Amino acid sequence: MFKKVLFIVCFGTVLAVLLTSIQLCMPVYAEEPEPECWAVIVGVSHYASSVCYEDEEGNLVCDGDLKYADDDARDLYELLASIWGEDHIELLLDSEATKVDIYYAIKRLAAKADNDDTVLIYFSGHGLRPEYTAYQEWVGIWDCTIGNWDYITCTTWQTSNMMIWQDRQIVGSGYICPFDSGQPLSWDCDYEIVAADLARWLDMLDSENIVIILDSCSAGSFSSELSQDGRVVLMGCQPDEGSLESCELEHGVFTHYILRAISKFEAADTNGDYEVSAEEIFDYAEPRTVDEIVRPYANEPAIEGRQHPVLYDPHYSRELGLLMKVVFHADAHLPPDTTVLTLDQKPYQSGELPASFTWAAGSVHDVDVPSKVDTEKGTRLVFVSWDDGDASVSRAISHGGEYVANYKTQYQLTIESAYGDPRGEGWYDSGSAATILVIPAEGTIIRQVFTGWSGDFTGTTATASLTMDAPKAIKADWRTEYLRLYILVGGIMALVGAPVGGITYVQRRRKSS
């Protein structure tokens, strides 16, 4: 017997070790990360090659500088950083936005963004049409340009006509840029970003969702170079047009309406799906840009109808979503200091509803609502479902929309009774019927007899029904009945009294005899 037990113990131990080993060797499958949004935002207003002087009021004025390109970029950054996260956006302004800086910013972004992430590349600055290439010889505005076939911006800086080179190396007799695969380049290409450059840099990205926004002169000429599956290009003007600034709007006109489209979500969400796509942003900004009367400088006449933005997305089969909006409601009046919503582990009270949030399109957020909420004594709200049919108090939300937590009101019925076993006490839906009952009599000799109900309900039947339209407290009333006791006592007395009477009668007979 001992050997048999020992064998079973040893066999069980070996089996447990083997099963544990197998379990430890099983692969662990990690959850797929949710889509994220990333951006490189560039704005260049101040060009070191500009000719500067003081005006009549003593203000420094630089011919060739832009007024609002850096503000365009900064304001776009502030809008998106609050939604996508500051660590997901790199902002390059003025002297920070050299060709090398922009290249490495995109390269850093490429190391972070996955194929299902969304990437935004934004540029606001000077642009140049091909017929102005002769101005490249000047030390002035046209040293920093965008061209319809070549240039985005000269983002290097000149001092006394000498180029400040960054991260360059000399091979033979020509300069090359480290990001151009070692190919010898011309003098111009060392400081200008051409469309082919940008297209090549974007090829570093694995993302299948790329949005490019260009607010510069001749921006429309970039469409052919940048055209590729998964890309949507928003350009501020046609290839042969200028991209204008407005002193009244204090922005580039095209960027101003892009910012408006992002901040005025409902106006841009033309299809009402609570998501704003790159295409919807363009549809909002394009007609308003065309209709805007632009005054680039206060002392210049108005310029009207000279700018026609361009959208290019022939290879994108659907709209490219950038933002989604979610609004939470509750269909019942809840105490203002009650936590009625927990969103991504952050609690929100009833007084904060409806609560509206703008998130990156496709992002996933965890939501919890309480299953029951006590509102006052004898009254509570019980969660039923969301308005989309989901009956879970905890859920994940990844689509824009209005989400309403539906609650029903319940009232408490309490029953007080000194005797018996009353039934029907508990919580009932508002308007429902509650059935109450009690055993009509208790006791054998001294009985407790039910006489009726009092309180929030009156009636004389032991079984009754009442409508729960408010909290209710009722009482079962009883009276004490002694009839059986009287009968019992009388019977006993009768039984005891009969023999006594007989003895008295016999005694009387004996005496008389």
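Helix α6 (residues 253-263) is largely enclosed by the rest of the structure, because nine of its 11 residues are buried. Buried means under 20% relative accessible area, exposed means over 50%, and partly exposed lies in between (1.4 Å probe, protein chains only). The model is predicted: local features need pLDDT of at least 70, side-chain atom pairs count only at pLDDT 80 or more, and totals for chains, interfaces and linings use all residues. Residues are numbered from 1 along each chain as its sequence is written, and side-chain values use heavy atoms, with hydrogens and water left out.

**Helices**

- The buried residues of α6 are V253, F254, T255, H256, Y257, I258, L259, A261 and I262.
- Helices (H or I, at least four residues) and strands (E, at least two) are DSSP runs, numbered from the N terminus.
- Helix α2 (residues 69-84) contains A81, which counts as buried at 11% relative accessibility.
- A81 and A39 are 42 residues apart along the chain, and their C-alpha atoms are separated by 9.5 Å.

**Salt bridges**

- The structure holds 14 salt bridges, each defined as a side-chain nitrogen of Lys or Arg within 4 Å of a carboxyl oxygen of Asp or Glu.
- One of them joins the side chains of K99 and D197, at 3.1 Å from N to O.
- This pair links distant parts of the chain, with K99 in helix α3 (residues 99-112) and D197 in helix α4 (residues 195-202), 98 residues apart.
- Both K99 and D197 are buried, and the relative accessible area of D197 is 2%.
- D197 also meets R200 in a salt bridge, at 2.7 Å from N to O.
- D197 and R200 are separated by about one helical turn, because they are three residues apart in helix α4.
- An α-helix has 3.6 residues a turn, so residues three or four places apart point the same way.
- R200 is partly exposed, with a relative accessible area of 32%.
- Another salt bridge is formed by R479 and E481, whose closest N and O atoms are 3.7 Å apart.
- R479 counts as partly exposed at 42% relative accessibility, whereas E481 counts as buried at 19%.
- A network of salt bridges links D70, D71 and R74.

**Cavities**

- Three cavities of 30 Å³ or more are found in a search of the whole structure.
- On a 1 Å grid over the protein atoms alone, a cavity is a set of points where a 1.4 Å probe fits but cannot get out, and lining residues have an atom within 4 Å of a point.
- Grid points are joined across faces, edges and corners, and a volume is the space filled by probe spheres set on the points.
- The second largest cavity has a volume of about 60 Å³.
- Its lining consists of F328, H329, A330, L334, V340, L341, L353, V369, W386, A405 and Y407.
- Strands β18 (321-330), β19 (339-343) and β26 (401-417) each supply at least two residues of that lining, and β18 gives the largest share, three residues.
- The lining of the second largest cavity divides into 10 nonpolar residues, one polar and no charged.
- Ala, Val, Leu, Ile, Met, Phe, Trp, Tyr, Cys and Pro count as nonpolar, Asp, Glu, Lys and Arg as charged, and the others, Gly among them, as polar.

**Surface patch**

- I445, I446, Y482, Y486, L488, I492, L495 and V496 make a nonpolar surface patch of about 790 Å².
- Patches are made of residues with over 30% relative accessible area and no salt bridge, with nonpolar side chains (Val, Leu, Ile, Met, Phe, Trp, Tyr) joined within 5 Å and like charges within 9 Å.
- Accessible areas come from the Shrake-Rupley method with a 1.4 Å probe, and for residues only the protein chains shown count as cover.
- Within the patch, Y482 lies in the loop between β32 (472-481) and α9 (483-512) and counts as partly exposed at 38% relative accessibility.

**Backbone in loops**

- Most residues other than glycine have a negative phi, and most peptide bonds are trans.
- The peptide bond from L353 to P354 is cis, with omega near 0°.
- P354 is in the loop between β20 (346-349) and β21 (355-360), and L353 is among the lining residues of the second largest cavity.
- E250 is a residue other than glycine with a positive phi, near 60°.
- The loop between β12 (245-246) and β13 (251-252) holds E250, which is partly exposed with a relative accessible area of 49%.
- D344 also has a positive phi, near 50°.
- D344 sits in the loop between β19 and β20 and counts as partly exposed at 38% relative accessibility.

Conventions. On a 1 Å grid over the protein atoms alone, a cavity is a set of points where a 1.4 Å probe fits but cannot get out, and a pocket is an open set with protein on both sides within 12 Å along at least five of seven lines; lining residues have an atom within 4 Å of a point.
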